[in-house]
Amino acid sequence: MLNHPSVEAAYDEWRASVAAIAPARALPDPQFTFQADVWSTLMSFMPGLMFDFMGSAKRSAMAREASAESTVQYRTFVTAVLTTAAEVRKAWIDLAFVDESIRLREAAVGSLNQSSALANAGYETGRGMATLESQMRVANEIAKAHAEIDALRDRRAAARSRFKSAMGFAPGEADPAWPLQGLGPTALPGEDELWRRAQASNPELGRMMAMVEMAVAGVEVARSAARPDFSLGAMANLVNSQPDPRMIRAVASVTLPVWREKIAANVTAAKARNDAADARVRAELLDVAAELAQGLYMVRENDRMIAYIDGTALPNLERISASAEAGYQTGASGAEMMSETRIMELDLRSERIAALREREIAATDLSLLTAGIAPPGLPLATGAATP
């Protein structure tokens, strides 16, 4: 997953932002200057060197702004890692769902073939009144199951392509090892704990908070424009026609930040960006709360469906199936009842695996909201560190 291009791009952008901190707090580059006096001939030629001096408070403010921007880029990197991890898990969920669905339908085909053999035997012996109809119904179900298996195999090819892409493999590269683990319910903490983790660790919320810090630093940078900057330098005369060729000319300058309206406008704009960043944090909190509620609803709804199928529907169907088999053995019913119960069992198990898939996708989204989707041991610090 760490080889995925989106993760690599976010990491490189973070590295670039870290490298930009040192230039932000450094002094400006020195300047090479020269002056020449020409009157019919070259009277003087004075090369020199100038240094610009920016106040330490201004450079510190610019360094804090660059550091805050680095934190934003770090949070973007963390978001890319967690989002990619969620995509990997969702691709695995789809792949496991398709594999289990194919297994169920292949098992159903075997059961339906047995039912077809029983229906054929009943038709040949004249047992039952609707055996020809039973034969056709079972044959239709077998053909339908084969068509569904073919469609699921195409879907598996697409799911494998998605899984391979999520793992960062290009189409022409060798396939990764396909996961074989079946689907199972992921344990989740309670609603209060999920909300606490989301507030503390949500990657997008963390990025928004880092943008607030960058905006605060931007306000200080805008205010520092009211402080003047200085330049100092010296030039030496290199032309011998002058009375004293060793003459040194000192040069100094200072900026005059007299346009207070411009400075005030820059400060106002920086404060407005700060207010906007703070509002985005509040908006993101609302979105996180809504997504958390929606994810919990999806998990609970599918948990109820799985509990109904496991606790009520399948046990009752097993009793019906046992009764149908007993009736067939005693001649009280035909083979069509057995085939119908097997088809119903297939449908129930398919509904269960579909509900489990939806439940696990919702659980993955909840894990992404709380930054719990990252692989164990991945060093994701709480702040922007040097790569």
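Select S350 first: setting aside neighbours within four places in sequence, S350 is in contact (heavy atoms within 4.5 Å) with L104 and R105. Before you go on, note that this is a predicted model, where local features need pLDDT of at least 70 and side-chain atom pairs count only at pLDDT 80 or more, while totals for chains, interfaces and linings use all residues. Residues are numbered from 1 along each chain as its sequence is written, and side-chain values use heavy atoms, with hydrogens and water left out.

S350 belongs to helix α8; helices (H or I, at least four residues) and strands (E, at least two) are DSSP runs numbered from the N terminus. Is S350 buried or exposed? S350 has a relative accessible area of 13%, so it is buried. Here buried means under 20% relative accessible area, exposed over 50%, and partly exposed in between, using a 1.4 Å probe and protein chains only.

**Zoom out**

Now show the whole protein chain. You'll find 8 helices and 4 strands, running along the sequence as α-α-β-β-α-α-α-α-β-β-α-α. Of the 387 residues, 36% are buried. Take the contacts between residues at least 6 apart in sequence: 80% of them join residues at least 24 apart.

**Into the cores**

Next, select W92, I93, F97, F163, L183, I353 and L356. These have the most contacts inside the largest nonpolar core, which has 22 residues. A nonpolar core is a set of buried Ala, Val, Leu, Ile, Met, Phe, Trp, Tyr and Cys residues joined through side-chain atoms within 4.5 Å. Helices α3, α4 (131-166) and α8 each give two or more residues to this core, and α3 provides the largest share, 11 residues. Centre on W92: beyond four places in sequence, W92 is in contact with F163, P179, Q181, G182 and L183. A second, separate core has 13 residues, including V7, V78, A80 and V81.

Pick A215 in helix α6. A215 is buried, at a relative accessible area of 11%. Not counting residues up to four places away in sequence, A215 touches A270, R273, N274 and A277.

Then click D278, which lies in helix α7. With a relative accessible area of 35%, D278 is partly exposed. Its C-alpha is 9.4 Å from that of E213, 65 residues away along the chain.

**Last stop: a pocket**

Finish at the second largest pocket, with a volume of about 250 Å³. On a 1 Å grid over the protein atoms alone, a pocket is an open set of points where a 1.4 Å probe fits, with protein on both sides within 12 Å along at least five of seven lines; lining residues have an atom within 4 Å of a point. Grid points are joined across faces, edges and corners, and the volume is the space filled by probe spheres set on them.

Which residues are the closest to its centre? Select E291, D365, L366, L368 and L369, out of 17 lining residues. Helices α3 (56-125), α6 (203-224), α7 (260-330) and α8 (335-369) each supply at least two residues of the lining.
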